Amino acid sequence: IHNVYEKYESALAELDLPFISLIPVDTSKGEVPLYVEAVCNERSKLMEYLQTREIEIRPFPPSLHTSGYLGNPGVFPCSDRFASDGMYLPCGPDQPLEKIDRVIEGLISYRDCK
């Protein structure tokens, strides 16, 4: 999955895609990305657009503190942001890099349609 993460990282660094950013993983220091995680303040629109191109993006799960059985544990703005904007990009240890190219092309196409 290092190659997949690094492919996304390189592409997003080179392209002007201000609506999306990766959650950083420092692979040079031995960190291993289990998923390719990103935040996007237009997540719903982006997910709908990519779905029309048969590219599936999965949203982060809701924040734990919003569960009713916990009562009111407090306010957690970072957790709320990840719940509303966080998503998993297509990835996996056996994901062909050609499929990652297709996702990147979809992100560029989304940018260009705006």
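Q: How do you know whether a residue counts as buried or exposed?
A: Buried means under 20% relative accessible area, exposed over 50%, and partly exposed in between, with a 1.4 Å probe and protein chains only. This is a predicted model, in which local features need pLDDT of at least 70, side-chain atom pairs count only at pLDDT 80 or more, and totals for chains, interfaces and linings use all residues. Residues are numbered from 1 along each chain as its sequence is written, and side-chain values use heavy atoms, leaving out hydrogens and water.

Q: Why is Cys40 called buried?
A: The relative accessible area of Cys40 is 0%, so Cys40 is buried.

Q: What makes Cys113 count as exposed?
A: Cys113 has 56% relative accessibility, so Cys113 counts as exposed.

Q: How do you know how many disulfides there are?
A: A disulfide is a pair of cysteine sulfur atoms within 2.5 Å. By this rule the count is 0. Cys40 is in no disulfide, and the nearest cysteine sulfur, that of Cys113, is 14 Å away.

Q: What makes a set of residues a nonpolar core?
A: The set consists of buried Ala, Val, Leu, Ile, Met, Phe, Trp, Tyr and Cys residues joined through side-chain atoms within 4.5 Å. The largest such core has 27 residues, of which Tyr8, Ile20, Leu46 and Leu89 touch the most other members.
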